Amino acid sequence: MPSDALRDQRGLTPLTSQLIVIERGRAGQTPGRLMTFEMIGYSVEDGILTITLNRPDKMNAITSPMREELIEAFARADRDPEVRVIVVTGSGKAYCAGADVSGGTKTFDPQARGWADNVEEFRDGGGQITLQIFSSTKPVIGAINGVAAGLGATMLLPMDILMAAETARIGFVFARRGLVPEACATWFLPKRVGLSTAADWCFTGRLVSAQEALEAGLLSSVHAPEDLLPAAYAKAREIADNTAAVAVGMIRQMLWRFAGSQHPMDAHRVDSKINFALGQSADVAEGIAAFLEKRSPEFPGRLPDDAPSAYPWWEEPSFKQRPATPSAAS
């Protein structure tokens, strides 16, 4: 079990920043330069990456630099063949209270904040986080240790398995701030809990208890606070020790991308292509041999290097705002 993450969760020691290589330029960054993680923890131990939101004095509220660190952390994990599973949690009492609102009444004004001069230039920052998580081939487990509100709630939605402390609360509070849900939440949330529950949570903006979220199907399990991270790591260990990295990565993308597909034939075409390749792989040979010999498998395949040639099977849409449609009144 990653000890640094546990120590930080209990508030005993600070997380150590880690350097990673920036391979693509983002705002304020130069390609090829090292980026220092200052607001998140990034620790890989025995195939499990722990990403810890690390602003406990601010309830892990997300700033623009923290957003960039999260995007790069998930991108780095996807490139790293040593990462099998990702566990995401918060430092201190909160998971994440949402976006940092220290900017006052202009917190979400893109022009006042200097984010964009017009709507064509503006991209929601939360959506950039969730789209990066969505594109991952590594399973993501969210360990919700406290309140998760606003962006803290929406960033959970593209994670695969969500666990929470029994004291955690989740709030899609946007309507109470005069906003609509960001981070692609209106695409993700109805798929996870159904349209009626999604409407209830978003229309009221109320904080939802861990038990209610469990009953709605958003959470897979609820735990005593001290048992949350051990349970998350046990699930991560079960995945890492017993399954093939390539197969799990393909399954993750198939589950998410076909969740919005119009016909099962879409999945049939892709699973046929993927299994044509995997059926000839060393992973399948090892899986069958381990089963017949009644031993634990040691799958050699890793992502991204050993992805089947049929991956990716989709064309990634670009972000481009469509021209406004004139209203009937005009």
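The model is predicted, so local features need pLDDT of at least 70 and side-chain atom pairs count only at pLDDT 80 or more, while totals for chains, interfaces and linings use all residues. Residues are numbered from 1 along each chain as its sequence is written, and side-chain values use heavy atoms, with hydrogens and water left out.

Helices (DSSP runs of H or I, at least four residues) and strands (DSSP runs of E, at least two) are numbered from the N terminus, and two strands are said to pair if DSSP finds at least two bridges between them. The pairings described here are set out below.

| Strands | Sense | Bridges | Residues standing opposite |
|---|---|---|---|
| Strand 3 (residues 40–45) and strand 4 (residues 48–53) | antiparallel | six bridges | serine 43 and threonine 50 |
| Strand 4 and strand 5 | parallel | six bridges | leucine 49 and isoleucine 86 |
| Strand 5 and strand 6 (residues 140–144) | parallel | three bridges | isoleucine 86 and valine 140 |

From strand 4 the chain passes through helix 2 (residues 64–79) to strand 5 in a β-α-β crossover that is right-handed, which is to say that, with the strands pointing away from the viewer, the path from the first strand over the helix to the second runs clockwise. In the hairpin of strand 3 and strand 4, where two residues lie between the strands, aspartate 46 takes a positive phi near 55°.

Burial is judged by relative accessible area (buried under 20%, exposed over 50%, partly exposed in between, with a 1.4 Å probe and protein chains only). Because six of the six residues of strand 5 (residues 85–90) are buried, this strand is largely enclosed by the rest of the structure. In a regular strand the side chains alternate between the two faces of the sheet. Both faces of strand 5 are covered, with Val85, Val87 and Thr89 buried on one side and Ile86, Val88 and Gly90 buried on the other.

Helix 9 (residues 245–258) has 14 residues and reaches 20 Å from its first C-alpha to its last, close to the 20 Å expected, a span taken as 1.5 Å times one less than the number of residues. Helix 9 is mostly covered, with 10 of its 14 residues buried, among them Trp256, Arg252 and Arg257. The elements covering these buried residues, by contact (heavy atoms within 4.5 Å), include helix 3 (125–134), strand 6, helix 5 (185–193), helix 10 (264–278) and helix 11 (282–292).

Finally, cysteine 96 counts as buried because its relative accessibility is 0%, whereas cysteine 184, at 27%, counts as partly exposed.
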